[in-house]
Amino acid sequence: MLRIITDFDGPIIDVSERYYRVYEYCLQKIRRPGQQVRELSKAEFWQMKRSRVPEKQIGVISGLDEAQAQEFSQLRKQTVHTQPYFEYDTLAHGAVETLSKVQSAGIDLVVMTMRRERELDYAFKKYDLGRFFPETRCYCLSNDYIKTRDTDDKPLLMARAIRELPPAINTWMVGDTEADIISAKKQGIKVIAVECGIRDRAQQELYHPDLIVKDFSSAVNSLLEQSLQPIS
């Protein structure tokens with residue numbers, strides 16, 4: 001049996017607009033009255049996020065001083081995962097069609113995300129995605145979970161999933177961040193990185209995924225092709 005464990009934000013949901021709107025809000029909130037700032041375009045901002053330019057540095061590049069940039073960074077962390085801004089998320093290109101293809105192929109599909117239960121449920125209801133993921137195949141954070149770092153929290157979620165899920169002959173992780181790659185590797189699971197999320201190829205290559213592809217659709221097509229190849 002082929003099992004795909006997929007991240008949610010990145011492969012399935014495009015978060016770029018949410019992150020950019022939060023950037024705009026925080027910049028305007030922290031700037032002093034009359035202070036000249038340079039608001040980055042969405043393309044400039046997203047390129048910086050994908051190449052892991054620190055939040056504080058993005059603030060400085062945008063015209064804030066050091067103290068303001070620190071405040072900007074803290075405000076962004078407090079704001080980016082709040083409910084008003086989740087409305088700006090959109091479906092990643094081809095995500096629903098790919099999920100349907102996975103379902104039709106009889107692949108065991110698991111979602112694993114750093115979203116909290118209410119945040120995942122919101123997106124499931126908004127985009128009718130719950131039909132692809134039964135409750136026993138959803139791994140997310142509880143609403144009262146105290147986050148540390150994704151690279152620490154996600155491996156714990158992966159370890160729990162491996163304990164609870166029935167055995168599978170062939171398991172792959174699909175994700176866009178270092179947390180996805182680290183989580184998979186700690187459990188000896190092969191991993192495909194997708195370039196459509198919050199990390200660029202150069203950042204992903206630092207963590208040595210088994211494969212890097214354009215998007216979720218490309219990842220699934222690659223796995224389906226592999227599964228059809230005769231065993232030598």
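This is a dialogue on reading a predicted protein model.

Visitor: What share of the residues of the protein count as buried?

Guide: Of the 232 residues, 51% count as buried. A second figure concerns contacts along the chain. Taking contacts between residues at least 6 apart in sequence, 68% join residues at least 24 apart.

Visitor: How is a helix pair read, and at what angle do H1 and H4 pack?

Guide: Take the angle and the axis distance, then the handedness, then the residues. Helix H1 (residues 16-30) packs against helix H4 (residues 66-79) at an angle of about 140°, and their axes are 9 Å apart. Angles over 145 degrees would count as roughly antiparallel. H1 is therefore oblique to H4. The crossing in which H1 passes H4 is right-handed.

Visitor: Which residues make the contact of H1 with H4?

Guide: H1 contributes Tyr 19, Val 22, Tyr 23, Tyr 25, Cys 26, Leu 27, Lys 29 and Ile 30, while H4 contributes Gln 68, Glu 71, Phe 72, Leu 75, Arg 76 and Thr 79. Sorted by class, this contact has 9 nonpolar, 2 polar and 3 charged residues.

Visitor: How do the axes of H1 and H2 cross?

Guide: The axes of H1 and helix H2 (residues 42-50) come within 10 Å and cross at roughly 105°. That angle makes H1 roughly perpendicular to H2. On the H1 side are Ser 16, Glu 17, Tyr 19, Tyr 20 and Tyr 23, which meet Lys 42, Phe 45, Trp 46 and Lys 49 of H2. By class, this contact has 5 nonpolar, 1 polar and 3 charged residues.

Visitor: Is Tyr 20 buried or exposed?

Guide: Compare the relative accessibility with the cut-off for burial, which is under 20%. Tyr 20, in helix H1, has 10% relative accessibility and so counts as buried. Leaving aside neighbours within four places in sequence, Tyr 20 is in contact with Glu 39, Leu 40, Ser 41, Lys 42 and Phe 45. A C-alpha separation gives another kind of reading. Tyr 20 and Lys 49 are 29 residues apart along the chain, and their C-alpha atoms are separated by 9.7 Å.

Visitor: What does Gln 203 touch?

Guide: Gln 203 lies in helix H10 and counts as buried, at 16% relative accessibility. Not counting residues up to four places away in sequence, Gln 203 touches Arg 50, Ser 51 and Arg 52.

Visitor: Which residues of helix H9 are buried, and what covers them?

Guide: In helix H9 (residues 178-186) the buried residues are Glu 178, Ala 179, Asp 180, Ile 181, Ser 183 and Ala 184. Their cover includes helix H8 (150-164), strand S6 (170-175), strand S7 (190-194) and helix H10 (201-205). After H9 comes Gly 188, with a positive phi near 70°.

Visitor: Which residues other than glycine have a positive phi?

Guide: Asp 128 lies in the loop between helix H7 (117-127) and strand S5 (138-141), and at 44% relative accessibility Asp 128 counts as partly exposed. Another is His 208, with a positive phi of about 55°. His 208 is in the loop between H10 and strand S8 (211-213), and is exposed, with a relative accessible area of 58%.

Visitor: Where is Ala 105 found?

Guide: Ala 105 is in the loop between helix H6 (95-104) and strand S4 (108-116). The relative accessible area of Ala 105 is 43%, which is partly exposed.

Notes:
Residues numbered from 1 in each chain as written. Predicted model: local features only at pLDDT ≥ 70, side-chain atom pairs only at ≥ 80, totals over all residues. Heavy atoms only, no water. Axes fitted to C-alpha atoms, helices over the stretch in contact; angles between N-to-C directions. Helix = DSSP H or I, 4+ residues; strand = E, 2+ residues; numbered from the N terminus. Parallel < 35°, antiparallel > 145°, perpendicular 65-115°, else oblique. Left-handed = near helix turned anticlockwise from the far one by under 90°. Contact = heavy atoms within 4.5 Å. Nonpolar A, V, L, I, M, F, W, Y, C, P; charged D, E, K, R; others polar. Buried < 20%, exposed > 50% of the residue type's maximum accessible area, 1.4 Å probe, protein only.
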